[in-house]
Amino acid sequence: MIVNNSLDEVKKRENALSIIKNIVETKGREHLFDLTGLSGGFIASPSELNLLETYVGPAIFEDALQEVGLEHMGGEKVLPLNRTSSGILATILALVKKDTNVVHYLAELPAHPSIPRSCRLVGANYSETDIFEEFSIPENTSLVVITGSTMDHKVIDEDEFKQVIEMAHEKDIPVMVDDASGARLRTVVFNQAKACDLGADIAITSTDKLMPGPRGGLMAGRRDLIDEIKIKVNQFGLEAQPPLVLAMLNGIKNFKEDNLKKSLQRKDELFDLLNSYFTNFKKTPTGVMISPEDLAKEIDFPHKLSDDDLAFVFSFILLKDYGIITIPAVGMPGASATLRFDLSTSDAFNLDLNDLTKKIESSFERLLEVIPNEEKCREIVF
Ligand SMILES: *Cc1c(COP(=O)(O)O)cnc(C)c1O
C-alpha cells in the first residue's frame, strides 16, 4: 500500500499542489484542466474587494447573501460557512446529544466522512444505509440525515427523499440534508425540488460544486435551528470569512443552469469515446468516472497495489503529464478515490473530447508501465 492513512493523504495532496504550482509557473494556467467539478472560482470586482474589512464586509455581503442564498436554497435563513463539512459538524454539535442515535439515508454508500466523524466527536451512535427498505428511525434518535447527491454524484430518488422526511417529522426529529452537489444537480438535472421545499429542516450545499464559487458551505433552513447552530459556528470558528461570503454571493449569482445541462450531453460523447478502449468507465450526471475497483478490473496482470493506490497513481500521471486535475490527487483526506472527469466547469467547456480521450488512454498506458515498480509509484504520488 502506498497511501495508508490521513498523513499520507496530506502529503499526497501537498505534492499535487506543488505539481500544479510548477505547471502554472513554467507553462501557464491555460495548461491546467480542472475536471474535478470543483472550480473554486472567486468572482469579485475591485470595488467589492475594497469593502472586505472585518466588520464592513459582513455588513454588506452577508445581508446580500440572505436574499440570493434563500433563492438558491429555499428556507427561512441562510448561514455561510467555511466548508460544507463545517456546517455538518456545527449542526451535529448543536442538535445531537451523547448516546443518541443519528440515522442517515443516501442513494449509495459511502457517506461523506464528516458525518460519521462529527457523530463520533459528540459520542452519538451513527448508522447509515443505502437500502431504502432497511431504513428506519429507532427510539432516541436526535437527527435524521439525508444525502441529496453523493460524492460520486449518485442522486437520491425524490419519493424516498420525501418519505424519509415524513418518517422523521412524524417523530418530531429534525432532518439535515447534505446537499453538497445535490442543491444544483438534483434540481437542475433531475428536476427535483429544493431540499427545504421538500421539508428539510437544514440543508447544506458546497459553493464550489457545479457552480463558479469558492470552496465554502452554505446552510439554509429553519430560522430557529439556524440560530442555534450559528452559536456553535461562531464558538468554534466555522463561519465563512468576508472574502468567502463575497465570492459565494457572486458564485451563486453567476451560476448558469445551462452549463450544467450542456455538460450532460457532452458526457455521452466522452463516454462513447472512452468505451472503445476501456470497459469500466461509468457515466455521472455531468461527466464520466471510474472507481478504484473498476480501474483495478482494467488491469489484467497481478500486482501489489491496492485499488485506491491505482487510482492515486493514475490521477498523478494525468496531472503531471497533461495538467488534468482529478480528485484523487488533490482531494482532502477521506475524499473519494474515484476518478471523475467532470464537464460542467469552465476548463471543460472548450476541451476537445477526442484529445481528452487520447490523454486519458496514454496516461493509463503509463500507469500499466509503472505498476510493477512500487517504488516508482510511491515516487509519483509523493
Ligand atoms: C464535497 C462533499 C462534502 C464536503 O464538502 P467540503 O467542502 O469538502 O467540506 C460533503 N458531502 C458531500 C456529499 C460532498 O460531495
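## Ground rules

This is a predicted model, where local features need pLDDT of at least 70 and side-chain atom pairs count only at pLDDT 80 or more, while totals for chains, interfaces and linings use all residues. Residues are numbered from 1 along each chain as its sequence is written, and side-chain values use heavy atoms, with hydrogens and water left out.

Rolling a probe the size of a water molecule over the atoms shows where empty space is left. Here that is done on a 1 Å grid over the protein atoms alone: a cavity is a set of points where a 1.4 Å probe fits but cannot get out, and a pocket is an open set with protein on both sides within 12 Å along at least five of seven lines. Lining residues have an atom within 4 Å of a point. Points are joined across faces, edges and corners, and a volume is the space filled by probe spheres set on them.

Searching the whole structure turns up two cavities of 30 Å³ or more. The largest cavity is lined by H72, M73, D179, A183, R186, T187, K194, A195, C196 and A203. Two elements, α3 (56–73) and α7 (182–189), each give two or more residues to that lining, and α7 gives the most, with three. (Helices are DSSP runs of H or I with at least four residues, strands are E runs of at least two, and both are numbered from the N terminus.) By class, this lining splits into five nonpolar, two polar and three charged residues. For these classes, Ala, Val, Leu, Ile, Met, Phe, Trp, Tyr, Cys and Pro count as nonpolar, Asp, Glu, Lys and Arg as charged, and the others, Gly among them, as polar.

The second largest cavity comes in at about 30 Å³. Around it you'll find E9, K12, F312, I327, P328, G331, M332, A335, S336 and A337, with α1 (6–26) and α13 (327–330) as the elements that give two or more residues. Its lining has six nonpolar, two polar and two charged residues.

Now for the open spaces. The largest pocket holds about 990 Å³ of space. It has 48 lining residues, and the closest to its centre are L38, R215, I327, G331 and M332. α1, α4 (84–95), α5 (114–122) and α13 each supply at least two lining residues, with α4 giving the most, at four. The lining has 18 nonpolar, 18 polar and 12 charged residues.

The second largest pocket has about 250 Å³ of space. Of its 16 lining residues, E108, D152, S291, E293 and T338 are the closest to the centre. Helix α11 (residues 292–297) gives the most to this lining, with three residues, and by class there are six nonpolar, four polar and six charged residues.

## Where the ligand sits

Which pocket does the ligand sit in? The largest one, where "sits" means that more than half of its atoms lie within 2 Å of the pocket's grid points.

Polar contacts are pairs of N or O atoms within 3.5 Å. A polar side-chain atom of D178 is 2.5 Å from a ligand nitrogen, and a side-chain N or O atom of R215 is 2.5 Å from a ligand oxygen. T84 uses a backbone N or O atom instead, at 3.4 Å from a ligand oxygen. On its own the ligand has 380 Å² of accessible area, and the protein covers 94% of it (Shrake-Rupley method, 1.4 Å probe).

Most residues other than glycine have a negative phi, and most peptide bonds are trans. The bond joining L109 and P110 is cis, with omega at about 5 degrees; P110 is in the loop between β3 (101–105) and α5. N140 isn't a glycine, yet has a positive phi of about 65 degrees, and N140 is in the loop between β4 (125–129) and β5 (141–147).

Note on methods. Polar contact = N/O pair within 3.5 Å; in protein donor to acceptor, adjacent residues only side chain to side chain.
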